[in-house]
Amino acid sequence: MTATGIGAPVRRKEDFRFITGAGRYVDDINRPGQAYAYFLRSPHAHATINKIDTTEAMKSPGVVAIFTGADIEADKVGGLICGWAIFNKDGSPMRAGAHPALAIGKVRYVGDHVAVVIADTLAQARDAAEKIDVDYGVLSAAADVTTARKAGAPTIHDVAPDNQVYDWHLGDKAATDAAFAAAKHVTKLDIVNNRLVPNPMEPRAAVGEYDIGSDSLTLYTTSQNPHVARLVLSAFIGLAPENKFRVIAPDVGGGFGSKIFIYAEETVCVWAARKVRRAVKWTSDRTEAFLSDAHGRDHVTHAELATDANGKITAVRVSTKANMGAYLSTFASSVPTYLYAPLLSGQYNIPAIYAEVEAVYTNTAPVDAYRGAGRPEATYVIERLVEVAARELNVDPAEFRRRNFVTAFPHQTPVIMAYDAGDYDASLTKAQQMHDVAGFAARKAASASKGKLRGLGYSAYIEACGIAPSAAVGSLGAGVGLWESAEVRVNPIGTVEILTGSHSHGQGHETTFAQLVSGRLGIPIENVSIVHGDTDKVQMGMGTYGSRSGAVGMSAIVKALDKIEAKAKKVAAHVLEAAEGDIEFKNGKFTVKGTDKEADFGSIALQAYIAHKFNGQELEPGLKESAFWDPTNFTFPAGVHICELEIDPATGVVTIDRWTAVDDFGNVINPMIVEGQVHGGIAQGVGQALFEGAVYDSDGQLITASFMDYTMPRAQDLPSYNVGMTITACPSNPLGIKGCGEAGAIASPPAVINAITNALGHENITMPATPEKVWKAAQASAQKMAAE
Amino acid sequence: MYSFTHHAASSVADAVKSVGEGKYLAGGHTLIPTMKQRLAQPGHLVDLNKVAELKGISDNGSVLTIKAMSRHAEVASSDVVKKAIPGLAALAGGIGDPQVRHRGTIGGSVANNDPVADYPAACLALGATIVTDRRRIKADDFFQGLFTTALEDNELITAFEFPHADKFAYAKFRNPASLYALVGVAVAKRGSDVRVAVTGAGSDGVFRWTDAEAKLASNFSASALDGLKASASGLNGDIHGSAEYRAHLIGVMAKRAAAAA
C-alpha cells in the first residue's frame, strides 16, 4: 500500500471545492438569455382536465410561452418510459400506462405536471401560472394499495382497469408449500415498509439549451447517469439524435437513487428550449421535491417462515403489494421484483422460497429506487422473520442466525442469486465482541432502575450490488446492459485523465478512482484527474446507482490500465533497448530484468508521444486506452449490525445508545470513505425506522410535504457508531471489492425495530416507530407484564 | 414572493404611523417563509429591526422587562434574565436552532400567537403584562385563540413585563419533525398562586390547566400531579400525536416542569 494508493485513508480531493462553496451545480449554471420554467402542478390527486385556458396568463408580463401536453404531443415527442419489462405469472406483460411529460386529459397525483410557463424571470412565470384557468373534473382517488385494489376503486390508467400493474412471482411454490405443510413451527408477520421521500440536499434542476448553428441540444441536469438520460431522451422520447444531444451532469449534491430517473421537468426544459430558441432553466423548490421526486419503498407484506424440529429454516413465503404511484418511473418495475425477491434468502441456507408481488397504481407520486432499492425491503422481511422466529422458539436470535447461516461458497439460493464469497459467522462474532453483547444484561438492569426499557436488535444483512452481468439482467427484463466504461488518457508528461461512465454525486470518486491510478502507475495522486458527467467528453457509460461504481466502474479502469501498462512496456522496451519480455513495471518505474537500466512512467509517456525511439508504423504513438467491463456476477456485501437503545415509557422516546456495524465489503479502496458511506447509510436507515414516512390522506393530498411534517434524522438522534470490517475478497472483479454505498440503509431498519420489540417484549410496532406509537406499545407491554 | 414595499422604521411612532394596511416585520421567521410560499402577500412591510427603543432587557428587582425586539439568543444569554427568572432564559435557549434564536424575537413570537410557540406559555404562566404603543394588556386577556390576540389593527407590542416568581420552569416535548412544541408546559409559583400554562397541544392555542394548578397550589411537587390526567377534548391531533397522546404528554411535561422549577 502506498500513501495514496488502494487502502489508504486519503482525504477527499473534491471536498475543498464543496466546503468552500466552489462547487458547480446545475443551479449555478446560467446561460446567456436564459428564460425560466415554472410548472403548474395538479392540486388534485385524480381529475380529468376538461379545459386549460391560458389566455389571461399569456398577457402576463414577461411570458415567453405556455405549453401543455397537447403541444408536446403535436411535436411528436414521446412520453416518459419505464425501462424494465416485468411479466405476470401468466406470462403476459405488465400494464404500463402512458406517462406524458405534461398531462394529457387527466392528472393522476398531486404535483402532476399540467402546464409549463416560460418567462423572463421565475417570479413572472409563477405570476402567469396563477392566471392559467384549468377546468378540472375531480375524480375519487386511491392513495394506497389497499384502496386501489378494492372493487369499485377508481381506474387510474385505462390499460389497468383494476389498478394492477403486474402480478409477478419468483420461486418454487409447490416446494415451498410442501415445506410449510411439514414445518414444526411457522412464524407469521404482517409488515409495512414505509414510504420515504429521498430529500437529497440539492433539489433537482435542469437547464435546456438549443444551438441553432449546429441544430443540437444541451441539457445540464442533476443526473446520476447522464448517458442513460441522453439515451432515453434521444432514442425513446425522441428529442434529438444522440450525436446532436449533449447531457452534462456537473456537481450533483446527492441523489440516493432519485436522480437516476428521467423526469418530466428536464424533458420539458430541453424540448422547450428549442421551441422558444432560448435556454430554459428550472430548479425545484423543496415543496416540488416532496411532491414530484420519485419516492421510495411503500410495501405491504405478509411473510411466513417455516422451521423444522432442529430450528433450521426450511422455507420462506412472502406476499407483497408494492405501491408504484401514479406512473411507472424509469426503473420502478424492477425494484419490488428482481431487486427484492432474490434477496429474501438473506444470509441463510433456505431450501425453498416463494414470493409473489403485486404492483399497484395509486394516486400518489411515482415510486422508484431509493438507496438500497428492494434490498432494504427484503432485508427487513427476512431479518424481522428470523428475529421473531428465534424469540418464538426461545432461541437466542444470534444463535438462531448462526445455526442457519450459509457456510459454503459458492451458494446457490432458490431465488436466482449465487453467493460467491462470505464469512457470516466471522462478522457476527466480531460484532458481538465489539458491541459487548455480554454486558447487555447489566446495561438493561441499569436502564430498568431508571424506569427505562432497554433493547438489543440484530440485523444480519446481505445485499446484491454492483449491478450486474448485462446478459443476466437482460434475461430478467432490463432494457439496458449494466457494464461500465473507462478511458485512460496519459498526457505527454505523464499526468493522467480518467474518463469514467460512473458519476460521483457524493461518493468521492475523484479520490478513490485516483487512488487506484496513483497506486497502479506510481504517480502522485495530484497528477490524476477524474472526468465524468459529460456525454461530449466521456464515451457511453451507465452511471452510478446500486453501489456499482467501485465494483463495475473501477474494474473498467483496471482493464484500461492493464492495456496502458502493456502499451507502455512496448515503448519502454524501445527506450531501454531491451526485449519487451524483460521489461518490468513497479512503483512507477520501468526496469530491465537483470540490469540497472530504468525509466520512470512520465518519461515513457513522453517517449510514447514524441515517437522518436520506435517505428510509428509498427507501434502506434500515444498512450490512451479504453475498456468496457461487464461483470460476471453481482457482488454480495454482507455484515451484522447491532442496535441497542433505550425507551422512555413515559413519552415513547427512543434513544439509540450504541450501534455496532461489522461489514464485509471485500477489499477496501479508502477506509475513511467507506466508513462515511456506512455512517450515512445507517442514518438513513434509522430515519426510516424511527422518523421518516410520507403520508397521503385519503384524498391523495401529501400531508408530509415539508420538513415541518416530514421528520428527517438529525445528528442528535444518532450515536457514535462502532464500525468494523471483515474481509472476504470478491472473486468476480479484479480488485476483489464489493459495494458499500447502500449497506447501511439496508442493514439498519430491522436492527432498530428488533431492538425496540426486544425492549417492549412484543412485536406490535410499525415503522416509523414514532414516540406516540412506542408509547402506546409500551403501555401494551406494561399491561401484558401486569397480566403475567 | 409577491412584490412589496419596505420601510425601515426609525421609532415606534414612525412604525405605527407608516404601517397602514401593511405588516410589521420583526424576526420574520413566520412572515418571510409564508410570503415566499405566496401564502401571504402584504403590499407593505414596516421593518422594526432598526428601532432602538424596542431593544433592551432590564430588571427593577421585582419586574423583568424585555423589550419586544429582543432576540431569543439575547434573552437566553442575558445575565439579567438568568438572575431574575432563570427558567425564562432556559425557555428562550430552547427555541428553534441557533439561526432561529439569533433572528427571532419575543415580540414577533407573541404577536403571532402560533399555537406551538413557547413564549405564550411563559407569558400566561408568569402573568406577564404585554405593553404596546397605546396600552398595557394582561396575558390572561391577550391570547384569544389560534393566531389571534387582543392586538388591534396596527397596534405594536413594545415590551413584556414579567413579575418575578418564586419558581418557574418550562418543559417541552418537541414535534419530531419541526421541533416546535408538540406539548410545552410552563409552571410558575408565586406565594400560594400557582399557574400552569400549556402550549402546543390546544386546538385554540395556549391555555391554563387549572386542575394541575389546584394540585400544585396545595403541594408544589411533581408527585402532586400523580394520577392527574389532562382532558383530550379541545386538543390537537395530527400525524405527530393524537389528542390522547398530547393529553398524556401534558401530564408528563407538567411533572417535569414542576420538578425542574
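Everything below refers to a predicted model.

View 1. Let's start with Pro410(A), which sits in the loop between α11 (397-404) and β16 (411-412) of chain A.

**View 2. A cis bond at Pro768(A).** Here the bond to look for joins Met767(A) to Pro768(A), and it is cis with omega about -10°. Pro768(A) belongs to the loop between α19 (743-760) and α20 (771-787) of chain A.

**View 3. Helix α7 of chain A, wrapped up by its surroundings.** Helix α7 covers residues 226-236 of chain A, and 9 of its 11 residues are buried, so the rest of the structure largely encloses it. The buried ones are Pro226(A), His227(A), Val228(A), Ala229(A), Arg230(A), Leu231(A), Val232(A), Leu233(A) and Ser234(A). What do they pack against? Their partners in chain A are β10 (216-221), β11 (245-248) and α8 (264-276). After α7(A) comes Gly238(A), with a positive phi near 85°.

View 4. Asn163(A) isn't a glycine, yet its phi is positive, about 70°. You'll find Asn163(A) in the loop between α5 (145-149) and β7 (164-171) of chain A. Is Asn163(A) buried or exposed? With a relative accessible area of 0%, Asn163(A) is buried.

**View 5. Ser547(A), a positive phi in another loop.** Ser547(A) is also a residue other than glycine with a positive phi, this one near 50°. The loop that holds Ser547(A) runs between β21 (528-531) and α16 (549-575) of chain A. Ser547(A) has a relative accessible area of 14%, and buried means under 20%, so Ser547(A) counts as buried.

**View 6. Lys430(A) and its contacts from elsewhere in the chain.** Lys430(A) is part of helix α12 (residues 424-435) of chain A. Its relative accessibility is 31%, so Lys430(A) counts as partly exposed. Set aside the neighbours within four places in sequence, and Lys430(A) is in contact with Val662(A), Met725(A) and Thr726(A). Now find Ala661(A): 231 residues separate it from Lys430(A) in sequence, but in space the two are 9.4 Å apart, C-alpha to C-alpha.

**View 7. Phe707(A), with contacts in both chains.** Phe707(A) lies in the loop between α18 (671-691) and β28 (721-725) of chain A. Its relative accessible area is 35%, which makes Phe707(A) partly exposed. Which residues does Phe707(A) touch, not counting those up to four places away in sequence? In chain A they are Asn199(A), Arg286(A), Phe290(A) and Met712(A), and in chain B they are Ala177(B) and Ser178(B). One of these, Phe290(A), is 417 residues from Phe707(A) along the chain, with 9.3 Å between their C-alpha atoms.

**View 8. Where chain B meets chain A.** Chain B brings 22 residues to the contact and chain A brings 23 residues. Together the two chains bury about 1,700 Å², with carbon and sulfur atoms giving 53% of that area. On the chain B side, Arg38(B), Ile239(B) and Tyr245(B) lose the most area to chain A, together 31% of what that side buries.

View 9. Stepping back, chain A has 20 helices and 28 strands. Its radius of gyration is 28 Å, close to the 28 Å that the globule rule gives for 788 residues, so chain A is as compact as a globular protein of that length. Along the principal axes, the C-alpha atoms of chain A fill a box of roughly 90 × 75 × 50 Å. Of the 788 residues in chain A, 62% are buried.

View 10. Chain B has 11 helices and 12 strands. A compact globule of 261 residues would have a radius of gyration near 18 Å, and the 18 Å of chain B agrees with this. The C-alpha trace of chain B spans about 55 × 45 × 30 Å along its principal axes. Buried residues make up 55% of the 261 in chain B.

Technical notes:
Residues numbered from 1 in each chain as written. Chains lettered and ligands numbered in written order. Predicted model: local features only at pLDDT ≥ 70, side-chain atom pairs only at ≥ 80, totals over all residues. Heavy atoms only, no water. Helix = DSSP H or I, 4+ residues; strand = E, 2+ residues; numbered from the N terminus. Rg over C-alpha atoms; globule rule 2.2 N^0.38 Å. Buried < 20%, exposed > 50% of the residue type's maximum accessible area, 1.4 Å probe, protein only. Contact = heavy atoms within 4.5 Å. Buried area = accessible area lost by both parts, 1.4 Å probe.
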